[in-house]
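Biologist: I am new to this model and would like to go through it step by step. Could we look at it together?

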Amino acid sequence: MKLATWNINSLTVRLPQVLDWLAANPVDVLALQELKMTDDKFPFDALTQAGYQAHCFGQKTYNGVALLSRAPATGVIRNIPGFDDELARVISADVEGIRVIGAYFPNGQEPGSEKFDYKMAWLKGLRNWVREELKAHPKLVLMGDYNITFDDADVWDPVGLKDTIHCTEEERYELRALIALGLHDAFRLFKQADKSYSWWDYRDFGFRRNRGLRIDHILISDALKPLAKSCVIDRTPRKNERPSDHAPVMLELL
DNA sequence: ATGCCTCAGCTCCTGAGA
């Protein structure tokens, strides 16, 4: 079974690339973030043609998430139960016996800002909910755009970007607290190339110079860890003519 | 260097992203 996550920065613009990528990488589940569209615009027909059912949770202009799957998805939940949120950031469902959560974590803009406070509150809300979800669903995958780096290995310039957004100790504390619930960073379960990133700034030839961050993650529960076979970041779509600034991350389970 | 790209929207600039 293969699962993947991809922040596509507008599904309107990126739909052809999503379809191309799925044709080349026929994963069982794909979580999308930053649809930037309302549900009435969601391309159900094109995805059905490609062999995927879809559940979406969109909104106007910003945010928006979806779960695509080959097999039926049941028990679909939108956003974080117990955490009141105006923004469409989370969608979860059961697919083939696995609880899959796709999430678009808040950016946070700048430490000390109102958006940073919202990010921290959101992270605590997520953690409290995921703790309960793990009890109900031991086989759980939490994947998406976390907008947080684990450590310096995830940052192209750890000195220059020290304590800036995505790299603050507060954010990393919350990420480790999620791990402490009984989750594992699937990417680091395997030998990876140095300077592996999942996002590169559009500006200043960020991708060409590999000035990036690893902020898109797939966390898997204790029960799934023995089944993990590989986890890779696919940089190929970042080379497209009008790419998303993020690359997809893919997990293979035995 | 409160910018550099890219996208959406009450669109010819602004807000937000990361």
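Biologist: Which residues of helix 4 are buried?

Modeller: This is a predicted model, in which local features need pLDDT of at least 70, side-chain atom pairs count only at pLDDT 80 or more, and totals for chains, interfaces and linings use all residues. Residues are numbered from 1 along each chain as its sequence is written, while chains are lettered from A and ligands numbered from 1 in the order in which they are written. Helices are DSSP runs of H or I with at least four residues and strands are runs of E with at least two, numbered from the N terminus; a residue is buried if 20 or more other C-beta atoms, placed from the backbone, lie within 10 Å of its own, exposed if 12 or fewer, and partly exposed in between. By that count, the buried residues of helix 4 are Glu171, Glu174, Leu175 and Leu178.

Biologist: Which exposed residues does the face of helix 4 turned away from its buried side carry?

Modeller: An α-helix has 3.6 residues a turn, so residues three or four places apart point the same way. The face of helix 4 turned away from its buried side carries the exposed residues Glu169, Tyr173 and Arg176.

Biologist: Against which elements do the buried residues of helix 3 pack?

Modeller: Helix 3 covers residues 114-136, and its buried residues are Lys119, Trp122, Leu123, Leu126, Val130 and Glu133. With contact meaning that two C-beta atoms, placed from the backbone, lie within 7 Å, these buried residues pack against strand 7 (98-104), strand 8 (140-145) and helix 4 (169-179).

Biologist: Is Arg70 buried, exposed or partly exposed?

Modeller: Arg70 has its place in the loop between strand 4 (65-69) and strand 5 (73-78), and, leaving aside its neighbours within four places in sequence, is in contact with Asp28, Gly51 and Tyr52. Because 19 other C-beta atoms lie within 10 Å, Arg70 is partly exposed.

Biologist: Which residues are the closest to DNA strand B?

Modeller: A residue is near a strand if its C-beta atom, placed from the backbone, lies within 6 Å of it. Of the 23 residues that surround DNA strand B, the closest are Ser10, Thr12, Asn107, Tyr202 and Arg203.

Terms used. The expected span of a helix is 1.5 Å times one less than its number of residues.
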